[in-house]
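This report goes through a few parts of one protein model.

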Amino acid sequence: MIDSPEKTPSLKRLRRQDLNLFVVLDAIYREQSLTAAGERLGLTQPAMSHALRRLREMMGDDLFGRQGASMTPTPFARNIISDVRRALLILEGRLHEQRRFDPVNANQIFRLGLSERTEIILLPNLIDWLGREAPGVSVVSTDTRPDGIESGLANGHVDLVLEASVPVGAAIRRRMLAQDELVVAVRRGHSVLSGRSLSLEQYLALNHVLVAGNRGAGVEDHELSRRGLRRTVVVQCQSHKSALEIILHSDILLTLSRLEAETITAADELEFHPFPLDAPMPPLTLYWHASMQDDPANSWLRQAIDLLMLNDKTA
């Protein structure tokens, strides 16, 4: 049987109402006191009086009458309270389900702000892990420069950023994941360095490949410049894959971070030397916006990245 029009809820009418008023109705019914209900909800006496007035207008009934210090429900209020509570329980249950993240059944895209360095460090392990733990989850990597971390997170362009530690505003949360350091890679059988240690003089005398992309000079060049020194860069390229091919077939040197070096599949064809200067690198840090602090999906991914980086550090 089809409900008559007057019994069918009007969506237009519902859109005009503040559904939080039903929470107020339930609180007043439970406490039988406007003041106690306000304390229960964290609302002031004027706010509660205003909410009750709106409830009365919405329902077309007084809902409560005063008997001494108590607020006594009207017959209409007694008739609807069970339905109101049932509706609130259903809404709360649905919202609770929305606040959980089920990685096994999730179908979601995460946008990560990564440089080429952090892409190399994170993505291979992350994608392998997601394939096992969250097969419906995919990742989009976008180059996010340090000076674009705050804007990228604030406007939702990226969900998380993995980058060297830099100053950020109060709206950005962060967690340090790993300390990194510079190393120098050369091919095994290098005509000068094979089986030998690398001195600063040799580092400056030999030729280098710089992986710069669109970010310019590397950390190593800033450290050298600060000391009034300069190395000879004979080739600049955009990817570490190209740089590795270059050093595997020449005596050219590649300076990179230790965390990057640990991901190289051809590591047995290379020798790694400490960078010949004391040049501490900023800690590798994970950034997210404060508004996403309690977001279940964002929190889950942060924990996953933290775990993957911890495994790398302790491997």
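In what follows, an angle between two elements is taken between their N-to-C directions and runs from 0 to 180 degrees. The model is a predicted one.

**A pair of helices**

Helix H2 spans residues 20–31 and helix H4 spans residues 45–59; they pack at an angle of about 105 degrees, with their axes 10 Å apart. Angles of 65 to 115 degrees count as roughly perpendicular, and H2 and H4 are therefore roughly perpendicular to each other. On the H2 side, the contact is made by Leu21, Phe22, Val24, Leu25 and Ile28. H4 contributes Met48, Ala51, Leu52, Arg54, Leu55, Met58 and Met59. Of the residues in this contact, eleven are nonpolar, none is polar and one is charged.

**The sheet**

Five strands make up an open sheet with mixed pairing, in the order S9-S8-S10-S7-S11. Strand S9 (232–237) and strand S11 (270–274) stand at the edges; each has a single partner strand, so one side of each is left without a neighbour in the sheet. On average, neighbouring strands of this sheet are turned by 35 degrees against each other, direction ignored.

Strand S7 covers residues 182–187 and strand S10 residues 253–257.

Is S7 mostly covered or mostly exposed? The strand is mostly covered, as five of its six residues are buried.

Which residues of H10 are buried? They are His240, Ala243, Leu244, Ile247 and Leu248. These residues cover an arc of only 130 degrees around the axis, which means that they lie on the same side of H10.

**A buried aspartate**

Asp221 is found in helix H9, which spans residues 219–226. A residue counts as buried under 20% relative accessible area. Asp221 has a relative accessible area of 17%, so Asp221 is buried. Leaving aside neighbours within four places in sequence, Asp221 is in contact with Leu210 and Arg231.

Methods:
Residues numbered from 1 in each chain as written. Predicted model: local features only at pLDDT ≥ 70, side-chain atom pairs only at ≥ 80, totals over all residues. Heavy atoms only, no water. Helix = DSSP H or I, 4+ residues; strand = E, 2+ residues; numbered from the N terminus. Parallel < 35°, antiparallel > 145°, perpendicular 65-115°, else oblique. Contact = heavy atoms within 4.5 Å. Nonpolar A, V, L, I, M, F, W, Y, C, P; charged D, E, K, R; others polar. Pairing = 2+ DSSP bridges. Buried < 20%, exposed > 50% of the residue type's maximum accessible area, 1.4 Å probe, protein only. Arc of directions from axis to C-beta.
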